[in-house]
Amino acid sequence: MPDTAPISVPNLIDSHAHLTAEQFDTDRDGVIGRVLESGMYAVVNVGTEIADSISGIKLAERYDFVHAAVGIHPQECGATTEEEIKELAQLAKHPRVVAIGEIGLDFHADYAPRGQQLHVLQRQLQLADDAQKPVLIHARQAETEILQVLREWTSKRVCKSAPGIIHCFSGTLETAQNYMQMGFYISLGAYIGYPSSKTLREVLRQLPLEKLMLETDCPYLPPQRLRGHRNEPAFVCDTAVELARINEISTAEVARITTANSRELFKI
C-alpha cells in the first residue's frame with residue numbers, strides 16, 4: 001500500500017475537481033478536511049450536468065474555499081433541452097459560481113451525437129458571455145473541431161478578460177500555442193508525471209508558467225505514486241512538484257505563479 005498522505009505545497013488552487021462525484025459520498029468531509037490540512041488556497045468544483053452543478057453550488061455555500069463551476073459535459077448533453085440551458089443560466093448568476101464548465105466536445109466514444117455536442121457547447125459559450133464568466137473546456141479526440149469553435153467564439157467576444165481554461169491538456173506545442181493565442185490558460189494534472197507523458201513533458205518545458213494552472217480532475221487521474229487509487233484535491237501538490245521538476249524551478253515558484261493565474265481568472 002503506497003503512502004497516500006498529501007505532499008505539502010501550500011497555497012495551491014485545484015482548478016478542476018469533482019468533489020460531488022459518488023466516489024466521495026462516504027467520506028467527502030474527510031477529503032475536504034485534507035484540503036485544509038494541506039494548506040491549499042482554493043478548490044473549484046466543476047459541474048457535469050444540472051443536478052451536479054446544483055450540488056456543487058451547495059458545497060461551495062458550505063465551504064468558503066470551495067468555488068463552483070456549472071455546466072453540461074459533452075458526454076451528458078445528449079438529451080439537453082433549451083429549458084435546461086435556461087436553468088443553467090440562472091445557476092450561473094449565483095455568487096459562488098466562478099466559471100461555466102465542464103463544457104466542450106468528446107468524440108472518443110460519442111456518448112452524445114456530435115451535432116448535439118456542438119449545439120450545446122455553442123449555447124453554453126453564449127451563456128458564458130452573458131454571465132461574463134470564463135469557461136472550462138473539455139476536448140477529447142476533437143481538437144480540430146474545438147479549435148474552430150473557440151476561434152470563432154473568441155473572435156466575437158466583447159469581454160477582454162481571458163476566456164477560460166483548456167482542461168487536462170495533453171496535446172502538442174502547436175496546439176497549446178493555438179489555445180494561448182486565443183487567451184486560454186492551459187491546465188495540467190498529475191498525468192504529467194506518468195511514464196507515458198514523456199513527450200508531453202518536453203512540450204511543457206516550452207510553455208510559459210504565466211499561462212499554466214494546476215488541477216486534479218479528481219476522483220480521476222491520481223498521481224503516479226497512487227495509480228489505482230482515488231484522486232483528491234490535496235494531491236494537486238504532486239502536480240506542482242512534477243511541474244517544478246520539469247521546469248527546474250522551486251515548487252514555491254510554481255505555487256506562486258499558478259495560484260496567481262487561477263485567482264486572476266476566477267476572481268477569487
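This is a predicted model: local features need pLDDT of at least 70, side-chain atom pairs count only at pLDDT 80 or more; totals for chains, interfaces and linings use all residues.
Residues are numbered from 1 along each chain as its sequence is written. Local features need pLDDT of at least 70, side-chain atom pairs count only at pLDDT 80 or more, totals for chains, interfaces and linings use all residues, and side-chain values use heavy atoms, with hydrogens and water left out.

**The pockets**

A pocket here is an open set of points on a 1 Å grid over the protein atoms alone, where a 1.4 Å probe fits, with protein on both sides within 12 Å along at least five of seven lines; lining residues have an atom within 4 Å of a point. A volume is the space filled by probe spheres set on the points.

| Largest | About 790 Å³ | 28 residues |

In the largest pocket, His 73, Glu 102, His 138, His 167 and Asp 217 sit closest to the centre. Strand E5 (residues 135–140) gives the largest share of that lining, three residues.

**Helix H3**

Helices are DSSP runs of H or I of at least four residues, and strands are E runs of at least two, numbered from the N terminus. In H3 (residues 82–91), Ile 85, Leu 88 and Leu 91 are buried, meaning under 20% relative accessible area with a 1.4 Å probe, protein chains only. They cover an arc of only 110° around the axis, so they lie on the same side of H3; the arc is taken from the directions from the helix axis to the C-beta atoms. Glu 83 and Gln 90, on the face turned away, are exposed (over 50%).
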